[in-house]
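Have a look at the picture, then read on.

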Amino acid sequence: MIIDGKKIAKEITDELKEKISKLDKKPNLSVILVGNNPASLIYIKMKKKACAKVGIDFDLYHFKEDEKEDVILDKIDNLNSDAKVSGILVQMPLPKHINSSKAIQRLDPTKDVDGFHPINVGKLLIGDDSAVVSCTPLGVKTLLQKSNIEVESKHVVIVGRSNIVGKPLAALLMQKKPNCNATVTVAHSYSKGLKDITRSADILIAAIGKPNFITQDMVKENTVVIDVGINYVLQKAEKTKIIGDVDFENVSKIASHITPVPKGVGPMTVAMLVQNTYTCFL
Ligand code: NAP
């Protein structure tokens, strides 16, 4: 069965739209962009569109590629203390001369809609419900929940241990809480016998960044397969196509459930950003 992330994301944003329409004041998402990274420009366009759809005000602060670090940090301070701003997002990657950890740590954690601030990461780890949980892990958890896929007592294998996907997702699914309680294995490029690890999964989550990395022989029959990967591959006539980390054509023949790329995890990430902005507003 193919999990329709786009449909589930729309159900979530429709509900949020309804709730936001009843508010006296609109939530505001303020985004800081430095430079003109083409992928960042696409992501920002998507985020702006998603906010407009649900009635969240969206402000973009677009700085030139060589803007000084201090100017960016001052802007963050300024947004932190602006009462009209509910959420702040610093679009990654930042140019090399700006320290991204410094920028993230400068954010007011209660406005950190990406959930990247160490306070939010720490709260997530200890199971504090006031944590702002980063959008992709929260999107994956919500996608599983809305698809009626139980994670409790299941063996979830996550391939990838980044700070934005693999690690927070592992922390989230292993919590001693409803819709969590999974046994989680996190694999990475130093893992030995990867195929044996992935074949032992009830739920396999790929967050690697390598097109078609998870092949059919790495997946046991009736596994739930969630593909977080977004890879731009060059096609004929200079056209690019987006594909995931999973060989969808062949793995979909044996998986019990599988997310496509696009229209799988991607729309859920954007829906969770909107949801986090609403939650930070409350
Ligand atoms: P990342 O920071 O590059 O991390 C990739 C992870 O994959 C690392 O932990 C790496 O291991 C592991 N890895 C690489 N090669 C491997 C191999 N041969 N065997 C086992 N593990 C291997 O990437 P990310 O930011 O987590 O993103 C992962 C993918 O998800 C990318 O395609 C990205 O575009 C996509 N993404 C999608 C969304 C969405 O909304 N759908 C959101 C965020 C990211 P090491 O740690 O050992 O290097």
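Which helix gives the most to the shell around the ligand? That's helix 10 (residues 265-281), with three residues; helices here are DSSP runs of H or I with at least four residues, and strands are E runs of at least two, numbered from the N terminus.

## Before you start

This is a predicted model: local features need pLDDT of at least 70 and side-chain atom pairs pLDDT 80 or more, while totals for chains, interfaces and linings use all residues. Residues are numbered from 1 along each chain as its sequence is written, and side-chain values use heavy atoms, with hydrogens and water left out.

## Around the ligand

The ligand is surrounded by 23 residues, each with a heavy atom within 4 Å of it. Arg161, Ser162, Ser189, Ile230 and Thr269 are the closest.

Now for the polar contacts (pairs of N or O atoms within 3.5 Å). Polar side-chain atoms of Arg161 and Ser189 each sit by a ligand oxygen atom, at 2.7 Å for Arg161 and 2.6 Å for Ser189. Val228 uses a backbone N or O atom instead, 3.2 Å from a ligand nitrogen atom. On its own the ligand has 920 Å² of accessible area, and the protein covers 72% of that (Shrake-Rupley method, 1.4 Å probe).

Elsewhere, three strands form an open sheet in the order 2-1-3, with parallel pairing; strands pair if DSSP finds at least two bridges between them. Strand 2 (57-63) and strand 3 (87-90) are at the edges with a single partner each, so one side of each has no neighbour in the sheet.

Strand 1 (residues 28-34) pairs with strand 2 over seven bridges. Leu33, for one, has His62 in strand 2 as its bridge partner.

Key. Polar contact = N/O pair within 3.5 Å; in protein donor to acceptor, adjacent residues only side chain to side chain.
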